[in-house]
Amino acid sequence: MNQSGEDLSVVLRDMCEGSVEAFDRFYAAFAPLIMSIALRMLGDRMEAEDACHDVFLEALRRGNRYDPGRGSVEAWVAVMTRSRCLDRLRRAKKLVRQEAWDEAALPDAASAAEEKVLSRIQREAVRDALGTLPAGQLQAVVGSYYGAKSHSEMASAWNVPLGTVKSWVRYGLNNMRKQLEKRGWAGEKDDGMGEVRK
């Protein structure tokens, strides 16, 4: 439908005041323009239709703010359409980036399951290796790494010289390393126990 700029501004005003007839006239006048811009920018018919819907809703909400001194209704609608399409493109790009990040940051289900199994096997190997240690070494290694106690705290609590505790920890870790190597965890300098606390 061909309308003059003046007629369309009246149609827009009437539409915003609740006239169904004015909405029908506005839709007939601008749906082809909006759809054309949206299709060209978005390249997808469903996305273009959604953008078209957004533009008409925005025109209904903001039509009373239209200023004829700043351009025609047609220009106002075209700018609004372009803006809504750009919003959609930005959201889509952000979503693609987020999905790419999620895929990179989160392992797939198979990798997560594999990691869980490996972690369990490693814990069992460490527990078995601990079970082979003499009592003093076992107590010192467990106190140091699992009890988060310093060598000085253990020496004081057990009433033994500090050097004895350090030796128990050092020999205990060496013995554990040998036991882990026997169980197939060979070649790794770090036995997973961390650095010895002083």
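1. Asp-87 pairs with Arg-90 in a salt bridge (a side-chain nitrogen of Lys or Arg within 4 Å of a carboxyl oxygen of Asp or Glu), and their closest N and O atoms are 3.1 Å apart. Both sit in helix α4, three residues apart, or about one turn of the helix. Helices here are DSSP runs of H or I with at least four residues, strands are runs of E with at least two, and both are numbered from the N terminus. On accessibility, Asp-87 is partly exposed at 24%, while Arg-90 comes out exposed at 53%. The cut-offs are under 20% relative accessible area for buried and over 50% for exposed, with partly exposed in between (1.4 Å probe, protein chains only).

2. A word on the source: this is a predicted model, where local features need pLDDT of at least 70, side-chain atom pairs count only at pLDDT 80 or more, and totals for chains, interfaces and linings use all residues. Residues are numbered from 1 along each chain as its sequence is written, and side-chain values use heavy atoms, with hydrogens and water left out.

3. Across the whole structure, the search turns up eight salt bridges.

4. Glu-58 is in helix α3 and is buried, at 9% relative accessibility. Its side chain makes a polar contact with the side chain of Arg-84 at 2.4 Å. For a polar contact, N or O atoms must pair within 3.5 Å; within protein, one must be able to donate a hydrogen and the other to accept it, and residues adjacent in sequence count only if both atoms are side-chain atoms. Neighbours within four places in sequence aside, Glu-58 touches Gly-63, Met-80 and Arg-84, contact being heavy atoms within 4.5 Å.

5. Arg-88 and Glu-47 form a salt bridge, with closest N and O atoms 3.0 Å apart. Arg-88 lies in helix α4 (residues 73-105) and Glu-47 in helix α3, so the pair ties together parts 41 residues apart in sequence. Arg-88 is buried, with a relative accessible area of 14%, whereas Glu-47 is partly exposed at 32%.

6. Glu-49 and Arg-45 meet in a salt bridge through their side chains (3.4 Å, N to O). Both are in helix α3 (residues 45-62), four residues apart, about one turn of the helix. Glu-49 is partly exposed, at 40% relative accessibility.
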